[in-house]
Amino acid sequence: MLINRLAKDFTISHVIYEDQPLQKKLKLVRGRIKKLGIVKVFGQVLFYVFDKVYIKRISQKRIQELVGKENLDLPAIASVDVANINSKEVQEILEREKPDVVVVSGTGIIKKSILSLVPHFINIHVGITPKY
């Protein structure tokens, strides 16, 4: 929905989805356990599962209701699935498209080499923010 709303006012060349491999996700969980403790991380994992199994499923129905009610014209936007936001594939897209702004949501930490390719990044972070 956010992408479609932005597309009304801006030209969007691509949507890039990061889907990290299970091994990387497990490494992240192990690191969080060391840092935050098993009880806290167990609660976070339970919420993650609840979100993927229940909330996402019921939200799809609501999204379809809104699309119909608001008579949304969903633009055709190229999308790419990548395992890592810092991949060569993402670098090539950014070098080719030369966007003015990249809006990021739900990715891992973006390396300086990727950040340096675009003048502005906007991070929409709806998850649990790591402590630094």
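Helices (H or I, at least four residues) and strands (E, at least two) are taken as DSSP runs, numbered from the N terminus. The structure is a predicted model, in which local features need pLDDT of at least 70, side-chain atom pairs count only at pLDDT 80 or more, and totals for chains, interfaces and linings use all residues. Residues are numbered from 1 along each chain as its sequence is written, and side-chain values use heavy atoms, with hydrogens and water left out.

Val49 lies in helix 3 (residues 38-69). With a relative accessible area of 41%, Val49 is partly exposed, a class between buried (under 20%) and exposed (over 50%; 1.4 Å probe, protein chains only).

The largest nonpolar core has eleven residues: Val80, Val82, Ile85, Val90, Ile93, Leu94, Val102, Val104, Ile110, Ile114 and Val118. Such a core is a set of buried Ala, Val, Leu, Ile, Met, Phe, Trp, Tyr and Cys residues joined through side-chain atoms within 4.5 Å. Two or more residues each are given to this core by strand 2 (78-82), helix 4 (88-97) and strand 3 (101-104). Helix 4 supplies the largest share, three residues.

Contacts (heavy atoms within 4.5 Å) of Val102, leaving aside neighbours within four places in sequence, are with Leu94, Val118, His120, Phe121 and Ile122.

Ile16 is found in strand 1 (residues 14-18) and is partly exposed, at a relative accessible area of 25%. Not counting residues up to four places away in sequence, Ile16 touches Val80, Val82, Ile85, Val90 and Ile93. The C-alpha atoms of Ile16 and Val80 are 4.8 Å apart, while the two residues are 64 residues apart in sequence.
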